Amino acid sequence: MNFYNNYYQNIVKYDLLNKFHYTNVNQLPKFEKIVLNFGSKKTELKLLGSTLMALELITSQKGKTTNSSIPNISLKIKKGNPVGCKVTLRRTSMYSFLTKLNNEVFPKIKEFDGFRLAKLSSDFKTVSFKLTNCLFFPELESHYQYFNKLPSLDITIVSNVTKSQELYFLLKSFKFPIKE
């Protein structure tokens, strides 16, 4: 069992019960999934191949290409062309990615002091942020020559909270860097 999964089951659940006073255990907030997405403005197959490989190295799960649903003349993209790739993480792989993100990626980012609460309050069920340099992941850092031109990585954490205070408490309990 992953450390964060065990931590949620044994500690965070009890803290949530004591703080917010739920009547049913099924009402407890939790992280449902994490979506990792590489989107690009060009349809270069070389870039798409390297982004798929990067997602597979980061998450140990095979990525899926996303296709354009509408044509875009200014970007020279036809309908149905591949424009990016994504991976959806759930359960054990989600918790192992959170561990990697908190322990390996966030400490490597220079001049990073946390996320602001204003970004969290717009849609309080999700937290989205962007990593412009994906070479903070150790798997990609060792193969710099293949992954030096990657686009920015969009990370979206989806939860089932009902109030923004619950999301804030859940993120703080998982030691997420939030700036107050």
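Helices here are DSSP runs of H or I, at least four residues long, numbered from the N terminus, and on that basis T59 lies in helix α2, which covers residues 45–59. Before I go on, please keep in mind that what we are looking at is a predicted model.

Let me stay with T59 for a moment. Is T59 buried or exposed? Its relative accessibility is 9%, and because buried means under 20%, T59 counts as buried. A polar atom of the T59 side chain lies 2.7 Å from the backbone oxygen of L55. If we leave aside the neighbours within four places in sequence, the residues in contact with T59 are L36, V87, L89 and F97.

Now to the strands, and to β6 in particular, which spans residues 153–159 and is mostly covered, with five of its seven residues buried. Which strands pair with β6? One of them is β1, which pairs with β6 in the antiparallel sense over seven bridges, and within that pairing F31 has S159 as its bridge partner in β6. Another is β5, residues 126–131, which runs antiparallel to β6 and is joined to it by six bridges; here the bridge partner of V127 in β6 is I157.

Three elements, α1 (3–20), β1 (31–39) and α3 (91–105), each supply at least two residues of the lining, and the largest share, four residues, comes from α1. Sorted by class, the lining of the largest pocket has six nonpolar, three polar and five charged residues.

Finally, I would like to point out two backbone angles. Most residues other than glycine have a negative phi. H21, which sits in the loop between α1 and β1, has a phi near 55°, a positive value in a residue that is not glycine. R91, which lies in helix α3, also has a positive phi, of about 50°, although R91 is not a glycine either.

Conventions:
Residues numbered from 1 in each chain as written. Predicted model: local features only at pLDDT ≥ 70, side-chain atom pairs only at ≥ 80, totals over all residues. Heavy atoms only, no water. Nonpolar A, V, L, I, M, F, W, Y, C, P; charged D, E, K, R; others polar. Buried < 20%, exposed > 50% of the residue type's maximum accessible area, 1.4 Å probe, protein only. Pairing = 2+ DSSP bridges. Polar contact = N/O pair within 3.5 Å; in protein donor to acceptor, adjacent residues only side chain to side chain. Contact = heavy atoms within 4.5 Å.
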